[in-house]
Amino acid sequence: MSIKLAVLASGRGSNLEAILNAIRNKSLEGSVEVVLSDNPAATAIDIGKRFAVPSFAVDRKGLSREEHESLMLDKLAGYSVDYVVLAGYMRVLSPYFLKKFEHERGFYRVINIHPSLLPAFPGKSAYEDAFAYGVRVSGVTVHLVDDQVDHGPILAQEPFPRLDNDTLDTFKARGLAVEHELYPAVLQRISREGVRLFPQASPQKVAST
Ligand code: GRF
């Protein structure tokens with residue numbers, strides 16, 4: 001199957017770009033139907049446009065989460081997508097939003113990438129937190145989104161080392177390179193085989209709200 005994606009991004013957009021490049025070079029069989037951002041200044045919007053993908057900002061400023069999500073859903077309603085892909089999207093999605101993307105198997109068709117080996121170091125500063133903790137190995141997690149932050153059934157994890165002479169910048173750069181490989185690869189696997197989960201991460205435990 002060819003997977004149809006909506007990508008939500010709040011900032012730089014390097015994961016979006018990696019996904020679009022993978023589609024362009026055919027290592028990912030799919031399409032990004034729309035790019036949405038909550039931040040009008042996000043370079044992700046420029047990247048989407050550069051790849052000729054409809055790309056919009058729905059400014060979050062001054063709006064409650066409910067108001068903003070309902071505008072986002074209005075935009076998304078114009079596209080038919082299999083999965084919503086979060087790529088540095090900095091706003092937590094409510095159960096109201098997630099339920100619009102419920103899969104028949106019970107999980108939400110919403111995927112996130114997080115730059116740590118979850119459940120270690122959730123939150124906005126995972127690289128900084130892992131580095132400050134002094135981990136010898138960190139990694140990247142791609143997971144299905146549930147109603148908790150940086151939480152939900154794990155689709156893939158890829159470790160990377162912290163080297164003795166690393167600075168935070170070199171540590172981050174090593175992790176980001178892993179992100180850019182892993183995210184398109186996981187999406188391609190889903191495109192080919194659908195979502196595969198371990199039994200203990202069963203959808204019934206996910207869709208509890
Ligand atoms: C990445 O580190 C991603 O794992 C995290 O936010 C960052 C987004 O970077 N969720 P970019 O916008 O994709 O460059």
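This is a predicted model: local features need pLDDT of at least 70, side-chain atom pairs count only at pLDDT 80 or more; totals for chains, interfaces and linings use all residues.

Reply: Helix H1, spanning residues 14-24, and helix H2, spanning residues 43-50, have axes that come within 10 Å and cross at roughly 10°. Angles under 35 degrees count as roughly parallel, and H1 and H2 are therefore roughly parallel to each other. On the H1 side the contact is made by Leu 16, Glu 17, Leu 20 and Arg 24, which meet Ala 44, Ile 47, Gly 48 and Arg 50 of H2. By class, the residues of this contact comprise 4 nonpolar, 1 polar and 3 charged.

Ser 14 belongs to the range of H1, and an N or O atom in the side chain of Ser 14 is 2.5 Å from an oxygen atom of the ligand. For Arg 12, the corresponding distance from a side-chain N or O atom to a ligand oxygen atom is 2.6 Å. A nitrogen atom of the ligand is placed 3.1 Å from a polar backbone atom of Ile 113. Of the 370 Å² of accessible area that the ligand has on its own, the protein covers 86%.

Leu 118 and Pro 119 are joined by a cis peptide bond with omega of about 15°. Phe 121 lies in that loop between S5 and H5 as well; although not a glycine, Phe 121 has a positive phi of about 55°.

Notes. Residues are numbered from 1 along each chain as its sequence is written. Side-chain values use heavy atoms; hydrogens and water are left out. Axes are lines fitted to C-alpha atoms, for helices over the stretch in contact, and angles run from 0 to 180 degrees between N-to-C directions. Helices (H or I, at least four residues) and strands (E, at least two) are DSSP runs, numbered from the N terminus. Angles under 35 degrees count as roughly parallel, over 145 as roughly antiparallel, 65 to 115 as roughly perpendicular and the rest as oblique. Contact means heavy atoms within 4.5 Å. Ala, Val, Leu, Ile, Met, Phe, Trp, Tyr, Cys and Pro count as nonpolar, Asp, Glu, Lys and Arg as charged, and the others, Gly among them, as polar. A polar contact is a pair of N or O atoms within 3.5 Å; within protein, one must be able to donate a hydrogen and the other to accept it, and residues adjacent in sequence count only if both atoms are side-chain atoms. Accessible areas come from the Shrake-Rupley method with a 1.4 Å probe; for residues, only the protein chains shown count as cover.
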